[in-house]
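Open your viewer and get ready to select residues one group at a time. This tour tells you what to pick next and what you will find there.

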Amino acid sequence: MKKRIINPWKWQNERSYVQAVEVTNTQGALYISGQTAIDADGKSSAEDMKPQLIKAIENLEKVIEEAGYECRNIVRLNVFTTSTEEFFSCFDVFQNWTKENNVQQASTVIEVKGLFETLKIELEATVVK
């Protein structure tokens, strides 16, 4: 697999995403449903945004690893949140995770009226190999 990042500007670098990712010569693509702060028994978290974000990232990692892919090959990561203000208050968690995993992804952050039950954040990804 070959990956090329397209960034006509530099300002997005501090926001932990890229403008576009071109992928060629792939062996597979994994389209992941939105991952949230739901435990292994299917119980939705009622915690604040930060612990929910951490759990959603953990769940995303689990799906990626179970499928035999790697986080560093995430090419698209959309964030759905019930509060962009709350999400950006713990954005450092997201940024540190992308940096630690060498994730360079196209992203969109969307504030929504609601998510399932008590959930505040959902991460939807596309991964390639």
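The tour below goes from helices to core, then to cysteines, salt bridges and a few loop residues.

**Before you start**

This is a predicted model, in which local features need pLDDT of at least 70 and side-chain atom pairs count only at pLDDT 80 or more, while totals for chains, interfaces and linings use all residues. Residues are numbered from 1 along each chain as its sequence is written, and side-chain values use heavy atoms, with hydrogens and water left out.

**Stop 1: helix H1**

Select residues 49–66, which make up helix H1. Helices (H or I, at least four residues) and strands (E, at least two) are DSSP runs, numbered from the N terminus. H1 has 18 residues and reaches 26 Å from its first C-alpha to its last, close to the 26 Å expected at 1.5 Å a residue; the expected span is 1.5 Å times one less than the number of residues.

Now colour Met49, Gln52, Leu53, Ala56, Ile57, Asn59, Leu60 and Ile64, the buried residues of H1. They cover an arc of only 165 degrees around the axis, so they sit on the same side of H1. The arc is that of the directions from the helix axis to the C-beta atoms. Buried means under 20% relative accessible area, exposed over 50%, and partly exposed in between (1.4 Å probe, protein chains only). Turn to the other side of H1 to find Lys62, Glu65 and Glu66 exposed.

What do the buried residues of H1 pack against? Show strand E3 (29–35), E4, H2, H3 and strand E6 (121–128) to see their partners. Contact here means heavy atoms within 4.5 Å.

Zoom in on Asn59, which counts as buried because its relative accessibility is 12%. Leaving out residues up to four places away in sequence, Asn59 touches Gln35, Thr36, Ala37 and Ile38. Just after H1, pick Gly68, where phi is positive at about 85 degrees.

**Stop 2: helix H3**

Move on to helix H3 (residues 91–100), and highlight its buried residues Phe91, Val93, Phe94, Trp97 and Thr98. Seen down the axis of H3, these buried residues fall within an arc of 160 degrees, so they line one face of the helix. The face turned away from that buried side carries the exposed Lys99 and Glu100. The cover over the buried residues of H3 includes H1, strand E4 (74–81) and helix H2 (84–89).

**Stop 3: the nonpolar core**

Next, select Leu53, Leu60, Ile74 and Leu123, which touch the most other members among the 24 residues of the largest nonpolar core. The elements giving two or more residues to this core are E3, H1, E4, H3 and E6, and H1 gives the most, with six residues. A nonpolar core is a set of buried Ala, Val, Leu, Ile, Met, Phe, Trp, Tyr and Cys residues joined through side-chain atoms within 4.5 Å.

Centre the view on Leu53. Not counting residues up to four places away in sequence, Leu53 touches Phe87, Cys90, Val93, Phe94, Ile121 and Leu123.

**Stop 4**

**Stop 5: salt bridges**

The structure holds four salt bridges, each a side-chain nitrogen of Lys or Arg within 4 Å of a carboxyl oxygen of Asp or Glu. Show Arg4 and Glu22, whose closest N and O atoms are 2.8 Å apart. This pair links distant parts of the chain, with Arg4 in strand E1 (residues 2–6) and Glu22 in strand E2, 18 residues apart.

Then try Lys120 and Glu86, a salt bridge with its closest N and O atoms 3.5 Å apart. Lys120 lies in the loop between E5 and E6 and Glu86 in helix H2, so the pair ties together parts that are 34 residues apart in sequence.

**Stop 6: loop residues**

Finish with Asn25, found in the loop between strand E2 (20–24) and E3. Asn25 has a positive phi of about 55 degrees although it is not a glycine, and Asn25 counts as exposed, at 59% relative accessibility. Asn102, in the loop between H3 and strand E5 (106–111), also is not a glycine and has a positive phi of about 55 degrees.
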